[in-house]
Amino acid sequence: MKFKEFLIEMDPKLAYHDTLNPKIWKLENDQHYVLDQQVKEHLLKIANMFAESLNLLGSVVKDYVFTGSNANFNWTDLSDVDVHLILDPERLKACPECKAGLEDCLQAKKSLWNDRHDIQIYGHDVEVYATAEEEKIVSDAGVYSLLDDRWIREPIKKQLTMDSDAVRSKAEALADEIDHLVDSKTTDKQEIENLLDKISKMRRSGLEKAGEYSVENLTFKALRNNGYIDKIRNYSVSATDK
């Protein structure tokens, strides 16, 4: 089946829900959502394990926060459970022998952890992150503090406005690029990295400018839901091995 047909079928999975994910959140007094306590306890265990793998002292971690689609009304069955470790940059000490930037180092550690662990909560993959830049947390999304067991920023019910033509056009173009690159059987590492960077920058710019419901972020989700993100990432690893 062509990507265009898949995208049309996947549109409902990008729809906006009237409730938060009922597997994860409980509604109190018909108006206030609280995190299921078992879910909270397990997320704290996972966050602590990740912090230990980073060799971080307790005072360095300012908070563990739960954010992303599963803390908002645009969750799907494919949405990850995103847990962010918010670090205090003033208490972090960079390794004098490391020439990489702090955020690059944390990104590498995050990738290594997530590759080595396969943790799910009610069928949703748990993804852990660490950052010393709180502004990287999406500004228009729900953010829940696991340490304080409260909302830092509650998600807002708002009608999803999605420019389907724009999403379809952008996703089809990128899907064609991915197909072409993989079909060409190129082993040019730079060519592969350029396409991965292009997709990453597209999503990041969309989140920074218009949030979860930007055309760019919805395009990324359409590509991910159709297997194209895994396709290019897996090909990158395969090409490197060859």
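A residue is described as buried when its relative accessible area is under 20%, as exposed when that area is over 50%, and as partly exposed in between. These terms are applied below to a predicted model, in which 44% of the 242 residues of the protein count as buried.

The secondary structure of the protein comprises 7 helices and 8 strands. When contacts between residues at least 6 apart in sequence are considered, 71% of them are found to join residues at least 24 apart. The accessible surface of the protein amounts to about 14000 Å², and carbon and sulfur atoms account for 47% of this area.

A search of the whole structure identified 5 salt bridges, among them the pairs Lys26 with Asp36, Arg150 with Asp148, and Lys231 with Asp179.

In the pair formed by Lys26 and Asp36, the side chains meet with a separation of 3.9 Å from N to O. The two residues are 10 apart and belong to distant parts of the chain, with Lys26 in strand E1 (residues 25-28) and Asp36 in the loop between strand E2 (32-35) and helix H2 (37-53). Lys26 has a relative accessible area of 37% and is therefore partly exposed, whereas Asp36, at 14% relative accessibility, counts as buried because its value is under 20%.

The salt bridge between Arg150 and Asp148 has its closest N and O atoms 3.8 Å apart. The relative accessible area of Arg150 is 43%, so this residue is classed as partly exposed, and Asp148, with a relative accessible area of 47%, is likewise partly exposed.

In the pair formed by Lys231 and Asp179, the side chains meet in a salt bridge with an N to O distance of 2.5 Å. This pair also links distant parts of the chain, since Lys231 is located in helix H7 (residues 228-241) and Asp179 in helix H4 (residues 164-183), 52 residues apart. Lys231 counts as partly exposed at 31% relative accessibility, while Asp179 has a relative accessible area of 19% and is buried, because this value is under the 20% limit.

Terms used
Residues are numbered from 1 along each chain as its sequence is written. This is a predicted model: local features need pLDDT of at least 70, side-chain atom pairs count only at pLDDT 80 or more; totals for chains, interfaces and linings use all residues. Side-chain values use heavy atoms; hydrogens and water are left out. Helices (H or I, at least four residues) and strands (E, at least two) are DSSP runs, numbered from the N terminus. Buried means under 20% relative accessible area, exposed over 50%, partly exposed in between (1.4 Å probe, protein chains only). Contact means heavy atoms within 4.5 Å. Accessible areas come from the Shrake-Rupley method with a 1.4 Å probe; for residues, only the protein chains shown count as cover. A salt bridge is a side-chain nitrogen of Lys or Arg within 4 Å of a carboxyl oxygen of Asp or Glu.
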